[in-house]
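Student: I would like to go through this model with you, asking at each step what stands behind the words that are used for it.

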Amino acid sequence: RRGTTRERQAARWLGLGLLWTVFALTFISPSLATVIPGLPNDHYHAFADPMVFTLVGLGAAALWRIRTRAADGDGTGRTIPIGAAVAVLGVAALLGWNALRQPPAVHPDGGFPAADAAATRIIATAGSGPITLRSLPDFKSAEAYAYTLTRADVVVRADTGSGPLEPTGGSLVIVCDALFEAAIGAPCGGPAESILAPPDHFGEPVDRFQAAPGRTISVYRPTP
């Protein structure tokens with residue numbers, strides 16, 4: 001109501017966009033709005049974030065232009081920038097709220113330092129390559145470890161296939177995520193890996209460790 005014609009038009013369309021987002025995430029795709037510990041879901045509504053920022057900015061700009069005239073004792077008036085004060089306090093409150101809720105400098109799962117340390121341990125066991133890297137479940141990428149291994153000048157073959165593997169002549173590294181054990185059909189730490197890499201073809205892993213909470217890495221050396 002306080003904005004210019006173009007500002008009011010933008011506010012209406014952006015407001016409708018947010019309402020549609022709420023409706024779609026709530027009723028059309030409710031699973032996308034469900035928070036599952038260990039999995040991000042912010043990318044499902046990231047497109048709506050600019051709408052929120054723009055609407056807040058439009059509101060602050062409209063408040064900034066509000067001026068109230070107060071009568072002095074001599075009958076004259078002075079302009080009090082009440083709207084500007086409200087806008088400043090509102091923006092300061094938003095900034096303060098977000099500043100106090102910043103995520104930790106390192107992700108609880110160890111982030112890149114943990115992935116880099118896992119790569120160092122893999123290289124110490126499997127050698128400098130070539131290494132076949134496979135993820136369990138097969139629909140989850142193993143790029144976090146492929147990246148750290150590649151940075152260390154290791155020849156990595158990221159196998160994105162599904163089903164049991166065939167021996168490739170090089171070392172094999174399996175990354176198993178316990179969050180998806182139901183989809184895998186077996187628990188990580190042995191049973192799930194043996195389905196992908198049968199012991200009669202790959203033998204037992206020469207190393208198996210927790211690279212991050214719920215993330216098991218198994219390293220297999222080529223069988224004679």
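This is a predicted model: local features need pLDDT of at least 70, side-chain atom pairs count only at pLDDT 80 or more; totals for chains, interfaces and linings use all residues.

Tutor: Residues are numbered from 1 along each chain as its sequence is written, and side-chain values use heavy atoms, with hydrogens and water left out.

Student: Why is β7 called largely enclosed by the rest of the structure?

Tutor: A residue is buried when its relative accessible area is under 20%, exposed when over 50%, and partly exposed in between, with a 1.4 Å probe and protein chains only. In β7, 6 of the 6 residues are buried, so the strand counts as largely enclosed. Arg-215, Ile-217 and Val-219 point one way from β7, Thr-216, Ser-218 and Tyr-220 point the other way, and all are buried.

Student: What makes β3, α5 and β4 a right-handed unit?

Tutor: A crossover is right-handed if, with the strands pointing away from the viewer, the path from the first strand over the helix to the second runs clockwise. β3, helix α5 (residues 143-151) and β4 make a β-α-β unit of this right-handed kind. Strand β3 (residues 131-136) and strand β4 (residues 156-159) run parallel and are joined by 4 bridges, with Arg-134 opposite Asp-159 in β4.

Student: What is meant by the largest nonpolar core, and which elements build it?

Tutor: A nonpolar core is a set of buried Ala, Val, Leu, Ile, Met, Phe, Trp, Tyr and Cys residues joined through side-chain atoms within 4.5 Å. The largest such set has 18 residues, and those with the most contacts inside it are Ile-122, Leu-133, Tyr-145, Val-173 and Ile-217. Two or more residues come from each of α4, β3, α5, β5, β6 (207-212) and β7 (215-220), and the largest share, 5 residues, comes from α4.

Student: How do you know what counts as a pocket, and how much space lies in the largest pocket?

Tutor: On a 1 Å grid over the protein atoms alone, a cavity is a set of points where a 1.4 Å probe fits but cannot get out, whereas a pocket is an open set with protein on both sides within 12 Å along at least five of seven lines; lining residues have an atom within 4 Å of a point. Grid points are joined across faces, edges and corners, and a volume is the space filled by probe spheres set on the points. The largest pocket holds about 430 Å³. Its lining has 14 residues, of which Gly-38, Leu-39, Pro-40, His-107 and Arg-215 are the closest to its centre.

Student: Which residues and elements line the second largest pocket?

Tutor: This pocket, with about 220 Å³ of space, is lined by 17 residues, and Asp-109, Ala-115, Ala-144, Tyr-145 and Arg-215 lie nearest its centre. At least two lining residues are supplied by each of α4 (111-126), β3, α5 and β5 (171-177), and α4 gives the largest share, 4 residues.

Student: Why does Asp-153 count as exposed, and what is its phi?

Tutor: Asp-153 has 69% relative accessibility, which is over the limit for exposed, so the term applies. It lies in the loop between α5 and β4 and has a positive phi of about 65 degrees although it is not a glycine. Most residues other than glycine have a negative phi, and most peptide bonds are trans. A cis peptide bond joins Leu-136 and Pro-137, with omega about 5 degrees, and Pro-137 is found in the loop between β3 and α5.

Technical notes
Two strands pair if DSSP finds at least two bridges between them.
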